[in-house]
Amino acid sequence: MKYVLVTGGVVSGLGKGVTASSIGLLLQACGLRVTSIKIDPYLNTDAGTMSPFEHGEVFVLDDGGEVDLDLGNYERFLDSTLTRDNNITTGKIYQSVIDKERKGDYLGRTVQVVPHVTDAIQEWIERVANVPVDGKEGPPDVCVIELGGTIGDIESMPFIEALGQFSYKVGPGNFCLVHVSLVPVLSVVGEQKTKPTQHSVRGLRSLGLTPNILACRSTKALEENVKTKLSQFCHVPEVNIVTLYDVPNIWHVPLLLRDQKAHEAILRELNLSNAIKPDLTEWTARTKIYDTLQDPVRIAMVGKYTGLTDSYLSVLKALLHASVACHKKLVIEWVAASDLEEITAQETPDVHKAAWDLLKGADGILVPGGFGDRGVQGKILATKYARENQVPFLGICLGMQLAVVEFARSILGFHDANSTEFEPETSSPCIIFMPEGSTTHMGGTMRLGSRKTYFQVADCKSAKLYGNAKFVDERHRHRYEVNPDMISEIEKAGLSFVGKDETGRRMEIVELPSHPYFVGAQFHPEFKSRPGKPSALFLGLIAAASGCLESVLQTGGKVNIVSKNGVANGSAMGKVHQNGNVYSNGNGLHH
């Protein structure tokens, strides 16, 4: 087994996750089978209880693992299916060590960070690295490991010690360290400064790890004299120093690495002489299409966590995949749900008006998942607007539940209709707590992971978008569900529950047949969206918002973004348009 470790220095948020994903994709393009591990040095067992403001979105895996959003990048880039064990946290390691100690596995010895914790880390890495994630038999060829945080963080010290031991254990030729570091440009002087990277590498070496490759984050490509200086002071050959300079979108990063022959450097360090030349034809063609889109499609994202776009990272990626498939330039209009509410109209009327202007100017409306009652009324108002004005709408998890609440209030006349999450004593409980949920423990107690949804109506839009499948597997993360006792009444009034679980009592997909596109899903379809395989329900939203839903439904939800020879292929989507980045209104360029 070969290992590539990606570490970061100077500051966090440099893009280690995208770098690790891009390295994995590049090695995959060289004919190698790749798996990934993300190490998060925080004490939480998993990301499940973290606020999206704290750590971005919680990414959910097939096995129900609630993990760091970087695993979402790995799955999207490598088109792989990871497990909860592909995310290592300090909490998980210490828990496993303490469990062993309680069982007496350490035979009375004093349990210490070295060797017990460091051994547990190494054993975990070796075990998980040998598990295939691409659906094929046998162990992968390369495991890409990303160490979260920056070198020098107190939390990551046991991991750095363990990885230092591990690199010695597996031996040279089986371990390659890629260090991602910042090379800032001071506006006063206007030159690229190498000192932060020098200090970072010195710190890394003092901890027992020596970088084989430097990936330098900078606004522009590194100048030759800067590379020479870095090579001298960091003891890394110039040929092993690459620049990750700013690009219009992250799909360029694997191409950037390939053009600088990063794969050759990695293959050299890993003694992999039998790898083929990387074939990124399809990826390149898709990136070119993305860059040349001009015709906009505006989607209003009505959420609670709009202050941090990483809170909705997978939703944004799923919208992007669908818009590229439809050859449209995605424009996100961020609408804070609470800004739509009456109380905001009284306190800050300008903010209220601006939010409603954005909503009314959008081609489609998306209400994503969330927790807590802040902004719920605003989400209901946005849903009502979409339903009454025939605006394409997609509600995910809580968004789907609120679509049912809004329908019960407006159409059935149940004015106090609500979810028991927000109004436990409501006389019209449309949404109720699931029987198997826990009211005392937060972490890992929801309905999590992949579950089957069976279509009840063969010719509904959702079934057609999924290629007329009998059932679909999608990932879930919820504690509340539509009240089964109210289903028949709601359906009689015109809202159709077209997808249900295997028992037929748990509602999974809701549609309004009389509407151009009004769909709600209890699951999170964004987690399985891929650049070359956009999520069906997101594709439906973008196609409806672009006016080409009928042609997409006729093809069974299939769109050929790129043909086999790498030429852009519009399929049922019409011709390719010019130029395009993902712009987010008011938040600058959104990568």
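Two strands are said to pair if DSSP finds at least two bridges between them, and the legends below use the word in that sense for a model that is predicted.

**View 1. Strand S10 and its partner strand S12.** Strand S12, residues 364–367, pairs with S10 in the parallel sense, and three bridges join the two strands. Within this pairing, isoleucine 299 stands opposite glycine 364 of S12.

**View 2. Strand S10 and its partner strand S11.** Strand S11, which covers residues 329–336, also runs parallel to S10, and here the pairing extends over eight bridges. One place to look is arginine 298, whose bridge partner in S11 is valine 331. Together with helix H12, residues 313–325, the strands S10 and S11 make a right-handed β-α-β unit.

View 3. Of the eight residues of S10, residues 296–303, six are buried, so the strand is largely enclosed by the rest of the structure.

**View 4. The two faces of strand S1.** All seven residues of S1, residues 2–8, are buried, so this strand is largely enclosed by the rest of the structure.

**View 5. Strand S1 with strands S6 and S7.** Five bridges link S1 to the parallel strand S6, residues 142–147, and among the residues involved, valine 4 has valine 144 of S6 as its bridge partner. Strand S7, residues 175–182, pairs with S1 in the parallel sense as well, over six bridges, and in S7 the bridge partner of valine 6 is valine 178.

Technical notes:
Residues are numbered from 1 along each chain as its sequence is written. This is a predicted model: local features need pLDDT of at least 70, side-chain atom pairs count only at pLDDT 80 or more; totals for chains, interfaces and linings use all residues. Side-chain values use heavy atoms; hydrogens and water are left out. Buried means under 20% relative accessible area, exposed over 50%, partly exposed in between (1.4 Å probe, protein chains only). Helices (H or I, at least four residues) and strands (E, at least two) are DSSP runs, numbered from the N terminus. A crossover is right-handed if, with the strands pointing away from the viewer, the path from the first strand over the helix to the second runs clockwise.
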